[in-house]
Amino acid sequence: MAVNKTQVTPDMNRTSLEDDLKEYAELAIEIGADLVEVIPIEQVRVDDRVAFKCRSPRCFGYGACANCPPHAPTPAEIRDLLKSYEKALIFARHVPTEILMRDRADEERRAAFRSIYEILGKLEAKAFYGGHYLSTGFAAGSCRSAFCKPDVPCAALEGQACKFAIRARPSMEAVGIDVYGMITDAGWESGGPQKSDSCVRLNRP
């Protein structure tokens, strides 16, 4: 029988949080993120209007994906959830607009979105085994668009096991997180971190 020797350490030493967050930010850059910042949890904006825009105008994923509205956690649930956290790590990758505007079946576009899920998964695993085992993450874009073919129904909604259950997660926008507001606060619209009031800010050289 194979045994995983990696042990989960209970999150008892709160004094290591800042050092751990810096390590996670550096890891994010190492595995593909272009911009990273650690922010107070109060700066994570949650607005019901963001999730509503999945409905009007109706997104292709609305009702068609287990991690998209109306199946995703609601903004009210997320606001309540965030009360249990102190910090958030946000990251971004530079992807040419030309790629993002392609058809959802385009493999290069799908790979760009998958890379976000992959970075997120590695960061969450690092935090989990580092003692912060209740850390959680939200991706960008529909997991159906990233992992599944457009003409293939969501297995989870069909009562079957999700083929990507370990990697698939709700997106920030699906749960009502105001991504545009957050990146503006971080100063990223002008090409990189500009503000000086956060504990960690990194960008790829």
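**Exercise 1. Salt bridges**

How many salt bridges does the structure hold? Count them, then look at individual pairs.

*Solution.* First, some ground rules. This is a predicted model, where local features need pLDDT of at least 70 and side-chain atom pairs count only at pLDDT 80 or more, while totals for chains, interfaces and linings use all residues. Residues are numbered from 1 along each chain as its sequence is written, and side-chain values use heavy atoms, with hydrogens and water left out.

Step 1: A salt bridge here is a side-chain nitrogen of Lys or Arg within 4 Å of a carboxyl oxygen of Asp or Glu. As background, side chains of opposite charge can pair when their charged atoms come close.

Step 2: count. The structure holds 13 salt bridges.

Step 3: Arg 49 bridges to Asp 47, with the closest N and O atoms 2.7 Å apart. Arg 49 comes out exposed at 62%, whereas Asp 47 is buried at 19%.

Step 4: look for a link across the sequence. Arg 169 and Glu 124 meet in a salt bridge at 2.9 Å, N to O. Arg 169 sits in the loop between H6 and helix H7 (179-185) and Glu 124 in helix H5, so this pair ties together parts that are 45 residues apart in sequence. Arg 169 is buried, at 13% relative accessible area.

Step 5: check for shared partners. Within it, Arg 102 and Asp 106 pair with their closest N and O atoms 3.3 Å apart. Arg 102 is partly exposed at 26%, and so is Asp 106 at 24%.

**Exercise 2. Aromatic pairs**

Find the aromatic pairs and sort out their geometry.

*Solution.* A pair of aromatic rings is described by the distance of the centres and the angle of the planes. Rings of Phe, Tyr and Trp (its six-membered ring) pair if their centres lie within 6.5 Å; planes under 30 degrees apart are stacked, over 60 edge-to-face, and the rest tilted.

Step 1: count and inspect. There are three aromatic pairs in the structure. Tyr 117 and Phe 147 make an edge-to-face one, at 5.2 Å centre to centre and 70° between the planes. Tyr 117 belongs to helix H5 (residues 107-129) and Phe 147 to helix H6 (residues 143-147), so the pair connects parts 30 residues apart in sequence. Both count as buried: Tyr 117 has a relative accessible area of 1% and Phe 147 one of 7%.

Step 2: take another pair. Phe 128 and Tyr 129 are edge-to-face too, at 5.1 Å centre to centre with 85° between the planes. Phe 128 is partly exposed at 32%, as is Tyr 129 at 36%.

Step 3: chain the rings. Ring pairs link Tyr 117, Phe 147 and Phe 164 into a cluster.

**Exercise 3. The second largest pocket**

What is the volume of the second largest pocket, and which residues lie closest to its centre?

*Solution.* Step 1: define the thing. On a 1 Å grid over the protein atoms alone, a pocket is an open set of points where a 1.4 Å probe fits, with protein on both sides within 12 Å along at least five of seven lines; lining residues have an atom within 4 Å of a point. Points are joined across faces, edges and corners, and the volume is the space filled by probe spheres set on them.

Step 1: read it off. The volume is about 260 Å³. Of the 18 lining residues, Cys 148, Ala 155, Cys 162, Lys 163 and Phe 164 are the closest to the centre.

Step 2: classify the lining. Count Ala, Val, Leu, Ile, Met, Phe, Trp, Tyr, Cys and Pro as nonpolar, Asp, Glu, Lys and Arg as charged, and the others, Gly among them, as polar. That gives 13 nonpolar, two polar and three charged residues.

**Exercise 4. Cis peptides**

Which peptide bond involving Pro 57 is cis?

*Solution.* Step 1: check omega. The bond joining Ser 56 and Pro 57 is cis, with omega about -5°.

Step 1: repeat for Pro 70. The bond from Pro 69 to Pro 70 is cis as well, with omega near 0°.

Conventions: Helix = DSSP H or I, 4+ residues; strand = E, 2+ residues; numbered from the N terminus. Buried < 20%, exposed > 50% of the residue type's maximum accessible area, 1.4 Å probe, protein only.
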